[in-house]
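Okay, thanks for coming, everyone. Let me put the model up and then we'll walk through it.

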Amino acid sequence: MSGKILPFVFIVVMLCFWLRSKRLAKRAGRLACEIGADLLPPERQNTDRAYRDPEAEALLAALSRGDWQPAARALTSAGTDWERRSYLVGLIAGRAADDDTWLRAWQAARPDDPDVAVVHADAKVSLAWQIRGGAWAKDTSAEQFAGFHRVLEEAREDFDRATSLAPPDDPTPYLLQIRLYTGLSAPHEALHQLWAEVTARAPYHYEAHWRALQYWSAKWCGSEELARNFAAQAAATAPLGSLLTMFPLVSWYEHNDDEAPEAAYGWPEMMALTDAALADVAVVGPDHPRAAGVRHLLAYCLTKQGRHEAALEQFQLVDGYVGALPWRYYGNPAEVYCAVRDVALQGAAASRLAG
């Protein structure tokens with residue numbers, strides 16, 4: 001008789017577990033909807049920017065109307081906030097690469113203005129990369145490469161003028177040249193010399209380190225080992241709040257994410273790198289223009305590690321803007337962002353119910 005009862009008991013127990021799991025899943029789904037009520041759907045995510053910046057949005061709107069003066073005022077207001085200055089120069093130069101009518105008016109009005117000089121030089125680099133396109137070298141035509149290198153050589157001369165006009169302590173016209181050196185595959189010694197100019201003026205500049213890490217990466221002028229060593233050195237010497245502890249994580253992602261097993265993000269090394277970056281971003285100044293970019297990659301890594309509550313906290317701070325690593329590497333960044341965010345949201349809801 002017991003031989004007949006045991007299978008029945010087993011089935012009943014399994015059915016109870018299944019029903020309980022189904023109820024928990026429904027409750028978790030309802031809680032996830034409540035927690036994520038303010039989060040935006042894919043169609044409402046801004047794919048051009050990493051975070052909301054009203055000043056930048058206003059000056060870009062003015063440039064679209066041909067008015068360069070708000071951009072000029074913003075660069076003046078940035079003063080010696082070198083992170084903000086290089087960030088703004090990049091935004092303005094990117095717009096000039098599309099249409100430089102207003103830039104030429106700015107140059108005519110202020111021919112020896114160091115701000116317009118550095119914007120003009122960086123716009124040339126942006127234009128060169130537009131000519132090249134984002135395809136692999138094997139899929140880029142000889143005509144594209146010829147135009148790319150021609151415009152980069154012109155930009156080199158423009159940067160010479162920009163550095164001559166800039167205040168002696170301004171690192172901006174030096175750090176912006178790193179992308180030019182990357183495009184020209186400049187030798188390592190040349191980059192070392194340029195890097196010395198940058199770090200003499202701004203030793204913990206985030207954007208400068210970002211650009212240099214790209215140069216040292218395997219896909220451009222270096223290798224995985226060179227990039228890893230550069231990132232480790234930056235993180236080891238930087239003060240908290242500079243965000244430089246993020247670079248070992250960025251280097252690992254750039255070189256390993258495509259081929260790494262899912263479990264790799266939970267390895268002790270990766271957990272330690274993530275924790276270091278979390279500690280850094282926790283004390284960063286409220287106006288740091290690169291903090292949001294750090295939060296985007298942290299949200300991705302934390303979700304991969306199953307640390308859903310911590311991931312959701314980062315997602316909530318940047319939601320609405322997905323123009324950042326890792327999302328911008330995908331053809332549909334908003335869709336990928338929301339898919340990963342929803343994993344974190346569901347996981348956080350399940351964790352709260354279980355707790």
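One bit of bookkeeping before the picture: when I say polar contact, I mean a pair of N or O atoms within 3.5 Å; within protein, one must be able to donate a hydrogen and the other to accept it, and residues adjacent in sequence count only if both atoms are side-chain atoms. This is a predicted model, so local features need pLDDT of at least 70 and side-chain atom pairs pLDDT 80 or more, while totals for chains, interfaces and linings use all residues. Numbering runs from 1 along each chain as its sequence is written, and side-chain values use heavy atoms, with hydrogens and water left out.

So, serine 86. Its side chain makes a polar contact with the side chain of histidine 205, at 3.4 Å. Serine 86 is buried, at 0% relative accessible area (buried is under 20%, with a 1.4 Å probe and protein chains only). Skipping residues up to four places away in sequence, serine 86 touches Thr172, Leu175, His205 and Glu207, where touching means heavy atoms within 4.5 Å.

Zooming out, 48% of the 355 residues in the protein chain are buried. The largest nonpolar core has 101 residues, and Ile92, Trp106, Val119, Met246 and Leu298 have the most contacts inside it. By core I mean buried Ala, Val, Leu, Ile, Met, Phe, Trp, Tyr and Cys joined through side-chain atoms within 4.5 Å. There's also a second, separate core of six residues, including Leu39 and Leu345.

And the overall box? The C-alpha atoms fill roughly 100 × 45 × 45 Å along the principal axes.

Technical notes:
Buried means under 20% relative accessible area, exposed over 50%, partly exposed in between (1.4 Å probe, protein chains only).
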